[in-house]
Amino acid sequence: MSEAPRRSTRLNKNQEDDSKGKAKPVDQDIEMEDTAADATTEPAEKVLTPKELEALVVADIKQHFALFIKSAKTHEARFAVRALRAVSSLRKRLTSHILAQTIANCYVKGKLFSYDDTRKRLLGYLGSEAAATITAEHETTVTKSETPEVDVYLHLLVMIYLLDQNQLEKGMELSNITVKTVQELNRRSLDQLAAKVYFYYARFYELTGRLSEIRPTLLNAQRTATLRRDDDTQSTLINLLLRNYFHYNLYDQADKLVSKTTFPENATNNQLARYMYYLGRIKAIQLEYTESHQSLLQAVRKAPQNNVTAGFQQEANKLLIIVQLLMGEIPERSLFRQPVLRKALVPYFQITQAVRVGDLNKFQETLATHAATFNADKNYTLILRLRHNVIKTGIRMISLSYSRISLRDVCLKLHLDSEEDAEYIVAKSIRDGVIDATIDHEKGFMRSKENVDIYSTNEPQHAFHQRIGFCLKLHNDSVKAMRFPLKAVQLDAAEVEAARDQERTLVQEIAEADEDMDEDGEL
Amino acid sequence: MAISEVKRLAQALSQEYNAANPDLAKCGQFLSQLKIALIELSYLTHEERPNNIEELTLARDVLEIGAQWSIRTKDIPSFERYMAQLQTYYNDHSALPASPLKYNLIGLNLLCLLSQNRISDFHTALETIDPEQLHNNPAIQHPVKLEQSLMEGSYNRVWSSRSEVPSKEYLFFIDILMDTIRNEIASCSEKAYTSLPLSDAGTLLFFTNMEDILNFAKERNWKVNPVEQKAYFHSDADEKINIPADQIIKQTMFYARDMDRIV
């Protein structure tokens, strides 16, 4: 079987995944297998032949169908969410042959829906080669009930496949069709799928550099999703729109979008992390550093901490460092040592050092050396603003070390243009509360005032309040996030055990899905 | 109105505006006529009609003259309106041939934001500018450097930047900016000095004549001692620190409520 080239590095992991699925009885009725299917599996060590692997993937897809159908019947979104979580691991194993086979199985002539066109179309996207592999034998095995969910899910899989194969034009075409289908269907059970569909739709347009074209479509869809209280689609679309605006540096519009929409509270952590990052950037540009800092901190904390999301973590941390510096704080040294971040943060580390010492020359040097990197990160203008922070730190250091210093020396130490400039700058720092000092104009020196004891002020109390508030909020949020089973009364031992197993599978799936968060370098 | 007629009008406007001694009132008349005429063409973006490059260029040129005209007539709100309309032409129509005035006007817009102390708008506007132009175009560099100097407090450099303006339209905003700076310097001085000789205050505030200084000192409520020729600033050293009782009570109640929930 042919792995998509960019996935090849993960081959080992895939096989692990596959082998886990091995013990699962494939031919058993999927409806019966139900949610606990994965729980009963045990990792087998046998190496699988390509054919077996293929069969496994097909079985997995079938199982997802069952989940979607169940979700539509029971109006329980979590089944659909479960299936979608598995998409990331499935994605690595998709081949045109598998897809063709599944499609052939699903869209059979004379069924309830006239799927003939759809089938032809989907197979068309996969290429003639794949279509040729379909034989009569495949068409005999028929999955039972087809619903629009299954239809959209298959479209989604083909889209993902095309994306991985880098067939962007085809993918764009298909995504257009799929988005149209989703919009026409208006089924609540489609919400989770729709969110994914929009995501890949935007991705195709981004990769072909035509992002601005889909803005009206996204805005329309966002409006509809808001009216239907469709949290998943809504959160995805808001993020897509923000990303769209950011792509063209339209921060003004992005800001307006944020102020006119409310981000759904129930959005997934991954979407929330993205949203927080975007919010942080907008606020940073508008000089509201405190708010920006809070958002970015949340983004960094909410994002899953693993190697797959490295792109996101790096971007968010870069911005976080700059915002911290702009606020006059120095980021912790340990941040720059983290293996995922270390390499990407080197330029930012040097900037931080320059700001920390208050050395204007070093700052300019670093800025010049890494200008290209900063420009690529779209952080250049933000870093330019740091210049006066460097000066401020410099003045603060001087004020701390000297009780009296002539303005001429200040000027020399900070490499300023002239003594007059130094006087203005020192005066401004005094007014802005950076230092506590007075200037003697006639004799041309600056005299620092005695340091006040910080514990005699309200500062410590304020700091404590912030920490306590944070802890209490954390506690409240965790209470809110807890979920209890519907029938919480009298579970017998076996049921408890089963529930625990189910829990374990769920945890594992969540971890896998988290890993997948930034597959496409979504930031 | 047919396009040929609009063109004729636009030409008349540009002729009048670029004349040695333009009649600004007449230009204004032309502009309001043109704006009505342009609405009938593809003045603002039409979805149904394919954008006509010729019409769009015409509209943009008229708007550009309008923006400059607003500065000449010292009408800032009108300038902002023209700039807002021009944004679409600059950002969204990539097919249009670049306008020679584009960066000059964007620079002016930046300065306009700066002179009104709308720093966050200033930075948002800055982000939309192509980085290449941002670093090399003198029309953009000027307001960017100005903002930096302002933030640092190098007011000397702001003052000297007056002589380096890229075009004469910039002066209008710089003059507004000067007043702002003067007040900035004054408020800094109040905090930084206990007293200041009047002549020195004059140099700091870029005043050349003693009367201006005295008037300014009066405006800011400085105590001027005529014998010593010094200005004294009121010190706020004995400010009392109150115990923030209200706040502490609120916070404690908040803790108690949340603790209650936990236990």
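Colleague: What share of the 523 residues in chain A is buried?
Modeller: This is a predicted model, in which local features need pLDDT of at least 70, side-chain atom pairs count only at pLDDT 80 or more, and totals for chains, interfaces and linings use all residues. Residues are numbered from 1 along each chain as its sequence is written, chains are lettered from A in the order in which they are written, and side-chain values use heavy atoms, without hydrogens and water. Buried means under 20% relative accessible area (1.4 Å probe, protein chains only). For chain A the buried share is 51%.

Colleague: How many residues of α5(B) are buried?
Modeller: Helices are DSSP runs of H or I with at least four residues, numbered from the N terminus. Helix α5 of chain B covers residues 102-115 and reaches 20 Å from its first C-alpha to its last. Of its 14 residues, the number buried is 13.

Colleague: How many residues of chain A are in contact with chain B?
Modeller: Contact means heavy atoms within 4.5 Å. On the side of chain B, 43 residues take part, and in chain A the number is 36.

Colleague: Which side chain meets R431(A) in a salt bridge?
Modeller: A salt bridge is a side-chain nitrogen of Lys or Arg within 4 Å of a carboxyl oxygen of Asp or Glu. The rule finds two across the interface of chain B and chain A. In one of them, at 3.3 Å from N to O, the partner of R431(A) is E184(B).

Terms used: Buried < 20%, exposed > 50% of the residue type's maximum accessible area, 1.4 Å probe, protein only. Helix = DSSP H or I, 4+ residues; strand = E, 2+ residues; numbered from the N terminus. Expected span 1.5 Å × (residues − 1).
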